[in-house]
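This briefing covers the fold, the surface and the model confidence of one protein chain. Please look at the sequence and structure first.

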Amino acid sequence: MRKIKSWTRYVVRLARSRADSGMTTSEYAVGTIAACAFAAVLYKVVTSAAVMSQLQSLLKGALDAKF
């Protein structure tokens with residue numbers, strides 16, 4: 001009887017630990033849409049005039065640095 005109880009506890013623990021081990025298809029879809037939206041916003045920010053001028057000045061300063 002002890003072995004059965006021990007085995008049952010082991011199986012229950014194993015099942016609980018694997019309950020949330022992965023995402024479902026709908027979670028993948030929502031995650032993909034969120035990643036695409038974030039990429040679009042990031043692209044718009046990086047290609048804006050203010051950011052482009054700051055990046056250009058940063059690169060120009062790095063390339064003109066004296067060693």
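Helices here are DSSP runs of H or I with at least four residues, strands are runs of E with at least two, and both are numbered from the N terminus. On that basis the chain has three helices and zero strands. The model is predicted, and the mean pLDDT of the chain is 84.

**Fold**
- Along the sequence the elements follow the pattern α-α-α.
- Helix α3 covers residues 49-63, which is 15 residues.

**Burial and exposure**
- The chain has 67 residues, of which 0% count as buried.
- Buried means under 20% relative accessible area, and exposed means over 50%.

**Nonpolar patch**
- A nonpolar patch on the surface is formed by Phe38, Val41, Leu42, Val45, Val46, Met52, Leu55 and Leu58.
- Together these residues have about 720 Å² of accessible area.
- Helices α2 and α3 each supply at least two residues of the patch.
- The largest share, five residues, comes from α2.
- Leu55, one of the patch residues, lies in helix α3.
- Is Leu55 buried, partly exposed or exposed? Its relative accessible area is 38%, so Leu55 counts as partly exposed, a class that falls between the 20% and 50% cut-offs.

**Confidence**
- In the chain, 88% of residues reach a pLDDT of 70 or more.
- Helix α2 (residues 25-46) has the highest mean pLDDT among the elements, at 93.
- Helix α1 (residues 2-17) has the lowest, at 76.
- The helix with the highest mean pLDDT, α2, is also the one that gives the largest share of the nonpolar patch.

Key. Residues are numbered from 1 along each chain as its sequence is written. This is a predicted model: local features need pLDDT of at least 70, side-chain atom pairs count only at pLDDT 80 or more; totals for chains, interfaces and linings use all residues. Side-chain values use heavy atoms; hydrogens and water are left out. Buried means under 20% relative accessible area, exposed over 50%, partly exposed in between (1.4 Å probe, protein chains only). The expected span of a helix is 1.5 Å times one less than its number of residues. pLDDT is the predictor's confidence in each residue, from 0 to 100. Patches are made of residues with over 30% relative accessible area and no salt bridge: like charges are joined within 9 Å, nonpolar side chains (Val, Leu, Ile, Met, Phe, Trp, Tyr) within 5 Å. Accessible areas come from the Shrake-Rupley method with a 1.4 Å probe; for residues, only the protein chains shown count as cover. A salt bridge is a side-chain nitrogen of Lys or Arg within 4 Å of a carboxyl oxygen of Asp or Glu.
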